[in-house]
Amino acid sequence: MQDLINQHLAAIAAHAASTPDEVEQFRIKYLGRKGILNDLFEAFKVVPGDQKKLLGQELNKLKNAVQEKLDAMQSASSASTRNTEAFDLSRPTGTVPLGTRHPLAIVRREILDIFSRMGFTVADGPEIEDDWHVFSGLNFPPEHPARDMQDTFFIHKPEQEGEKEMVLRTHTSSVQVRAMENQKPPIRIVMPGRVYRNEAVSSRAHCQFHQIEGLYIDEGVSFADMKQTLQYFTQEFFGKAKIRLRPSYFPFTEPSAEMDVYWGLNSEADYRITKGTGWLEIMGCGMVDPAVLSASGIDPERYSGFAFGMGIERITMLRYQVDDLRMFFENDVRFLRQFQG
Ligand code: PHE
């Protein structure tokens, strides 16, 4: 019996099995009901008493050897199935849901794209600005009521000599001033960005929104150039060709205008959004006031230019017929998922 046990120990040590089936066969061969170990324990019952102790130990050794071998083979084989079957890298996955661009971002990109085709490049500036770039440099005199046109968040009042009054910019026109200070004409830029106004007048008001500003300065730039540029933009963006310029007022442009697009009166919704006129106000614009040019170091005798500014939220609402501004800020995915671009 001792010899038999030794033979089995040697066989077990040399045994190799790789598939789960082979491992299972090994288990049945040794540990099955009619397996080798059961046979040996059967035979052990009739072993003479003086050999029992030694053979008992040998048998246990064999049993442990079988169990250890089995454990080792099982973990090796499950590691290899993990690499081959359970992780089939060529299997198609489930669909991964993709996000979409925010409608305001879609519209901003589209607007920048249209102006870049006309040779405008993108510029930006800080949202926390000093008084000069938001007001004084744009011809808003101190204490002038024009400053009330925009409800400003004042964030730092100067306490010492040399300190600047700091505000959250109320319009992107501040970037115009920075550009004129830092660049020589020709200047042809569009400036998208966040702006802030303290307009807690209704639940629909939002204190932060987005504008896109445009500026073109060179020799001989005329009002007609402005009109043509804005007409091209409206045609490209809304697919509508008819615009009109109504006289308006901004401290930094002279003459100033509001640009309207003829939206048409083809549906009930058209009557509602144009208040029955067919016309929609799109943006403010005008020829840069000579005083603004000289304040930024550009010679108004030699150069002229135009500027325009529009609210991205408003344009986006018109474009997609969204009638509540709050939709843009609530980030409800059911709303956002509808926009592709
Ligand atoms: N800054 C103006 C506003 O916020 C818009 C504007 C820009 C008007 C440029 C004229 C020229 O209302």
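Threonine 172 counts as buried, because its relative accessibility is 0% and the cut-off for burial is under 20%. The model in which this residue is described is a predicted one. Threonine 172 is located in the loop that lies between β4 (166–168) and α7 (173–182). Its side chain forms a polar contact of 2.9 Å with the side chain of glutamate 213. Leaving aside residues up to four places away in sequence, threonine 172 touches Met191, Pro192, Gly193, Val195, Gln211, Ile212 and Glu213.

| Helix pair | Angle between axes | Axis separation |
|---|---|---|
| α2 (residues 20–31) and α3 (residues 36–44) | about 10 degrees | 4 Å apart |
| α5 (residues 103–117) and α8 (residues 223–238) | roughly 135 degrees | within 10 Å |

Helices α2 and α3 pack at about 10 degrees and are therefore roughly parallel to each other. On the α2 side, Lys29, Tyr30 and Leu31 make the contact, and on the α3 side, Ile36, Leu37 and Asn38. These residues of the contact of α2 with α3 comprise 4 nonpolar, 1 polar and 1 charged.

For α5 and α8, the axes cross at roughly 135 degrees, which makes α5 oblique to α8. The crossing of α5 and α8 is right-handed. Helix α5 contributes Val107, Glu110, Ile111, Ile114, Phe115 and Arg117 to the contact, while α8 contributes Thr229, Tyr232, Phe233, Glu236 and Phe237. The residues of the contact of α5 with α8 divide into 7 nonpolar, 1 polar and 3 charged.

Methods: Residues are numbered from 1 along each chain as its sequence is written. This is a predicted model: local features need pLDDT of at least 70, side-chain atom pairs count only at pLDDT 80 or more; totals for chains, interfaces and linings use all residues. Side-chain values use heavy atoms; hydrogens and water are left out. Axes are lines fitted to C-alpha atoms, for helices over the stretch in contact, and angles run from 0 to 180 degrees between N-to-C directions. Helices (H or I, at least four residues) and strands (E, at least two) are DSSP runs, numbered from the N terminus. Angles under 35 degrees count as roughly parallel, over 145 as roughly antiparallel, 65 to 115 as roughly perpendicular and the rest as oblique. Contact means heavy atoms within 4.5 Å. Ala, Val, Leu, Ile, Met, Phe, Trp, Tyr, Cys and Pro count as nonpolar, Asp, Glu, Lys and Arg as charged, and the others, Gly among them, as polar. A crossing is left-handed if the near helix is turned anticlockwise from the far one by less than a right angle, and right-handed if clockwise. Buried means under 20% relative accessible area, exposed over 50%, partly exposed in between (1.4 Å probe, protein chains only). A polar contact is a pair of N or O atoms within 3.5 Å; within protein, one must be able to donate a hydrogen and the other to accept it, and residues adjacent in sequence count only if both atoms are side-chain atoms.
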